[in-house]
Amino acid sequence: MVEISSDIIRGYNDTIILFLLSEAPSYGYEISKKIKALSEDKYMIKETTLYSAFNRMEKNGYIESYAQVAENGKKRTYYRITEVGMRYYMEKCEEWKLTKDVIERFIRK
Amino acid sequence: MEALRNYLENMFANLPNTPEVQRAKSELFQMMEDKYTSLIEEGKKENEAIGIVISEFGNLNEIADSLGISNVVEHPQGIERRHVSKEEAHHYVIEKSHCSFLTGLGVFFCIISPALPSLFEDALPEQLEDALGGAAFFGSIAIAVALFIYSASKMKNWSFLKRYPCSIDYQTADELYKAQKLNNSTKTLHFIIGVLLCILWLIPVSISDALVESSYLADNVMPCIMFLMVGIGVMLIIFSLGKDKAYTTLLGLNDQKTVAGNYESTKSREVVYSNETIANIMSVYWPTVRCVYLIWSFLTFDWLITWIIWPVAAVIHSLVKKNFTEVA
């Protein structure tokens, strides 16, 4: 079975996470669960990858974190997207469309 | 769940203890915990769930850059730390408490040695009396010295704990911490009985003084009983502190600058008083006690009695510590 190349997808982890956060604020495990579900089990993000993306994007101001008590009474860190993050996401979408358009021309059907 | 905690703690053990690293650790644990819980809810077995979580965890290189710790992750540890395994740690505790018992026993023999010859006085013909008395005196000192040498040589095997930098892992630290807490009441009990014996020798001695004028019992046995009680008391005090010291030594092994040095279980080594006045008083407590002891002793020259200050001061100290400290 062909597996996804982590080198390629690395550049788009941020885009994936920002897309999910633009729908609703969320926390680590929920995001990784949604990624797995939306990709139909084809892509599974590792915890360390996810955390490093959170950390980097928070430093860049794309997302904000806040603590919230979850249903089960435990404190959890939630993340939400900022306006800067939203703009960055749109840019990434344009970038991907272009990339896809270019690469597609070189792929044998 | 404990297994996941151990996995994560051991992975982070040698990283510097900075807020960023602590945050990463707690965030990652949150994710692992969530994933584990939902796998269990899906009906996975515990081992299976742990296996999945760990295999999908990734590795620290991924977060190293964003935490500014790539240096540590790529070139682990500036100094090589000798790892003390769980078995070794438990073995050390047993041996240390064993040796502190033997040391205590040695001190006991030292204390009773001067009293032994008096047991033979007036009870036997004169030449025998001196010979047996002397033999008992030197005999018990010899036993004491033998015990000291034996326990010192036993403890020598463990001198690496002090000479080399060592470390213990999270699980060991956790277990030791719990064991130390469990041992606390035994320790206090031994300590209190020990201190009481050091003080209460006055009672049988003064009772016999009051009741019997002069007899073999009052003149020869009673001093012996006094030394015996003090001897047992001191032995108990030494023994009670030995095991606790072993736990404290082990829990203090990890480098304070790393995450490992900051395990919840190793943190409470420092005493923090909840009340500022008490804290101020306690900071000069032992020097004051020492001054009072010396002044009283030199003014009255009752050295035989003034040492009572020490056990009494120790009891007051532990009472204050118990009632006015908060867990840091």
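1. A nonpolar core is here a set of buried Ala, Val, Leu, Ile, Met, Phe, Trp, Tyr and Cys residues joined through C-beta atoms within 7 Å. In this predicted model, the largest such core has 34 residues, and A:Phe54, A:Ile63 and B:Met32 are those with the most contacts inside it. Two or more residues come from each of the helices H2 (13-23), H3 (28-38) and H4 (47-60) and strand E3 (75-81) of chain A, and likewise from each of the helices H1 (2-12), H2, H3 (46-55) and H4 of chain B, with H2(B) giving the most, at six residues.

2. A second, separate core of 23 residues includes B:Ile111, B:Ala144, B:Leu147 and B:Ile237.

3. The contact between the chains takes 13 residues from chain A and 16 residues from chain B. On the chain B side, the elements that give two or more residues are helix H2 (19-41) and helix H4 (61-67), and H2(B) gives the most, with eight residues. The residues of that side divide into seven nonpolar, four polar and five charged.

4. Within chain B, helix H15 (residues 285-300) and helix H17 (residues 309-324) pack at an angle of about 160°, their axes lying 11 Å apart; because angles over 145 degrees count as roughly antiparallel, H15(B) is roughly antiparallel to H17(B). The crossing of the two helices is right-handed. B:Tyr285, B:Val289, B:Val292 and B:Tyr293 of H15(B) meet B:Ile309, B:Ala313 and B:His317 of H17(B), a contact whose residues divide into six nonpolar, one polar and no charged.

Technical notes. Residues numbered from 1 in each chain as written. Chains lettered and ligands numbered in written order. Predicted model: local features only at pLDDT ≥ 70, side-chain atom pairs only at ≥ 80, totals over all residues. Contact = placed C-beta atoms within 7 Å. Helix = DSSP H or I, 4+ residues; strand = E, 2+ residues; numbered from the N terminus. Nonpolar A, V, L, I, M, F, W, Y, C, P; charged D, E, K, R; others polar. Axes fitted to C-alpha atoms, helices over the stretch in contact; angles between N-to-C directions. Parallel < 35°, antiparallel > 145°, perpendicular 65-115°, else oblique. Left-handed = near helix turned anticlockwise from the far one by under 90°. Buried ≥ 20, exposed ≤ 12 C-beta atoms within 10 Å, placed from the backbone.
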